[in-house]
Amino acid sequence: MARLIGRLRPLGWVLAMVAARPAGAAELLDLSLEQLSSLEVVSVSRKAQRLADTPAAVTVLTAEDIRRSGARSIPEVLRLVPGVQVARIGAGRWAVSVRGLNSRFASRLLVQIDGRSVYSPLFSGVIWEFQNLMLEDVARIEVVRGPGASLWGANAVNGVINIVTRRASETPEALVRLSVDQSGRPEAAVRQGFRWGESASGRVFALSVNRAPFEDARGHSLGDEQTGWRAGFRLDSAQRNQWRVSGEAFRQRSPETVDLPAPGALDATFDYEGAFLSGERRGHWLGGEATLRGYVDYVKMIFDPIASATVSTGDLDFQHRVNAGKRHEWIWGAGVRYQHVDTDSRSNIISFAPDVTQLKTFSAFVQDEIALVPRRWRLSLGARFEARNASVPEWQPSARLLWTPTDRDSVWVHGSRAVRTPSIGERYANLVYGTRTLPFPPVVVTIVGQRNPDLKAEHLRAVELGYRRQWDIGSTEAVVFRHRYDNLIGSDLGPLAFPNQYIVRDNGSAAVVEGLELSADARVSDRMRLLAALTLMRTDYDRTGRPVHDEADAQRASRNADHWFTLQARFDLPARREMDVTVRHSGALKAPGAERVGSYTVVDLRYSHPWNRYFEWELTVDDLFDDHHTEFNSDQFPSPYAYQGRRCVLTGRWRF
Amino acid sequence: MFARLLASFLLLLSCVVPALAAPTEYQLKAVFLLNFARYATWPEAALPPGAPIDICVLGRDPFGTHLAGLESRLAQGRAVRIRYPESAERARDCQVLFLAASEQRRLNATLRDLDGAPVLTVSDIDGFVEAGGAIGFVTEDDRVRFDINRGTLEHDGLKLSAQLLKLARRLVGEDGP
């Protein structure tokens, strides 16, 4: 760790030098309006401005951040956020977590797209495989690190990712995107914006997904190529934020090889299909702003030949923001969600009992933001109650204090308690992990993870201290956090009921995750912008004294790197060409066993060249120096380590 | 491998960090605020002869020291004064009001509180003119441009010079195209 900090010292030095730049001249005051309008400025991203009053570790990725990351999927964009660990498992599979406890379906994270939750109650994780959005139409991605539970609710335990798509009025033109990767796989996307009478505007889009498979350590294809499509629409009121209606449908095929120690690997195909319809209405109500939002969502997963599941969701959510006096700003809301989950086992690898689960969730929250001293001290207190089915309501309080000694500095402290309810998989599924030969007597037993319907919720107590500084040419942020988890779901040796050896899930684990997140964004010259995000993190599970339990905890801890960073330089070349270089590094994952994920450093490149008003082409090269590396091994449905080296994608975009 | 990479990256950076000639975004926006004060007309009741023109900032000031420099200048023969009102009600006697990005969440409520007051509202919050603000800054290709809502101006009894209207990127509102 000390070595790492030593290595990074020059970076801090460059940033400090850049920040100390003198301001320009006063002659500006005498320029004419026309001259002012033609001046080029060094623009500071306003996201930092917007965040200056937020007493939380929030990062906003703008449309420019998304474009210039060269990403084709959401997880790739998230690499720019400190505290977020993004590890690729295969062609479409990802492990994404905020502040640790990473896993394929990192289960303590809430991910929403336009207010629609996309985590699956099956794993309470996000199935990133089929979240293939039209990235050109994403307005911004807000990443809240740390608990956001008091406002956003269950699963917002160690982070919230809010993906917000553009209003239809902001995408009035037609867009056609065609791209091809180095192995010749084409992809296409089209979008058309339109006006719908005087009162609304809209857009429709369709895209195809066609991603090349990854390789195993010896260079053989893993056959996990991603194919699918997604199509949808969005309608918005002409007057800003009055109402919105959107809907999408998709289908995605995602094969993978599932490792079974014996009788061997199994080639499985994940087929996903689904659709949703979502609406939102906003208006003035009782002297404040009211928002009513609802959606219905349907996802069918066929995990051939192992199992299948359908999840149907209906959700209604109301929020009201009102100023009471000069000092108080109240936000309160309530929501109901109904989920119907139907699972079907197609093999003896996984079985569910019961097969059908209905989840009825009611939640309510209130938050008061108090200006203790106007413009200087601000306190926000909030709490959320949530009840699911017949369980005891959980309450999740939070307190945040923000001090803004100057207009450019913000210091905040935050403490809160958050809760995660166990997933359906954890409660009701029996899952075969593999077989093992006992040492004495030498017989073969099948290791089965056993269902436990009595699992209780996991608890988190989090504290955080943050500092944010706005410069003339950028911003910097430093946050330290400590997350204490209790009642974490762990596993221990259960009964031996020959030929099965059971592994039982219990609430017996506890852990502390603490870390430091640093980020900087500097417009170092009128041709170049520099962004950096660095995370140092430590994960410690409490020892329970039970060897199998501690071994399972150690495996979980080992899926987290202790440091990682991303450094991105964006160059604005003449003739509106853009060149972006990203260096990303991650420390090793100390996974037990023979194979492991070593530390890696990768350079990505993006170059875009506008041909004329209508057409631009773009070349992205991932892993420029062809460092054939692997980033993560799936902990759910274990598969061989997936490797990938240099990958090039050539894209053409027409807008008209 | 990693240390060498980073070192070469930093070397690359040090080559492209020359002195900065271009003004910063908020330095320029401050000057625009002065020019809006110069090219707008308020109803006589709102601005008696000899009274200074108040340029106000609501919320967290993004301008740093750049706004204070405006007080040395005149607009339409009047002194220019910079004020920081604590709430929208107290901003009703400002002539030009900049709504900082920190006010984004309260935008609709703030604009309602200012409804009918002869205040030229300016902001760089996304969708400001669509929400009923008068002038919205837009940064495009590193140039500061602005949109104007003519419906709001008319409603609040304000006029802008033709020169300003001509330079607007987009005119919205009743008289707009």
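Strands here are DSSP runs of E with at least two residues, helices are runs of H or I with at least four residues, and both are numbered from the N terminus; two strands count as paired if DSSP finds at least two bridges between them.

β29(A), which spans residues 528-541, is mostly covered, with 12 of its 14 residues buried (under 20% relative accessible area, using a 1.4 Å probe and protein chains only). β29(A) also pairs with strand β28 of chain A, residues 500-525, in the antiparallel sense over 13 bridges, where V512(A) stands opposite D540(A); β28(A) and β29(A) form a hairpin with two residues between them.

## Basis of the model

This is a predicted model, in which local features need pLDDT of at least 70 and side-chain atom pairs count only at pLDDT 80 or more, while totals for chains, interfaces and linings use all residues. Residues are numbered from 1 along each chain as its sequence is written, chains are lettered from A and ligands numbered from 1 in the order in which they are written, and side-chain values use heavy atoms, leaving out hydrogens and water.

## The open sheet of chain B

In chain B, eight strands form an open sheet of mixed pairing, in the order β3-β4-β2-β5-β6-β7-β8-β10. Its edge strands, each pairing on one side only, are β3 (74-75) and β10 (170-172). Two bridges join β3(B) to the antiparallel β4(B), residues 78-83, and A75(B) stands opposite R78(B) in β4(B).

Methods. Buried means under 20% relative accessible area, exposed over 50%, partly exposed in between (1.4 Å probe, protein chains only).
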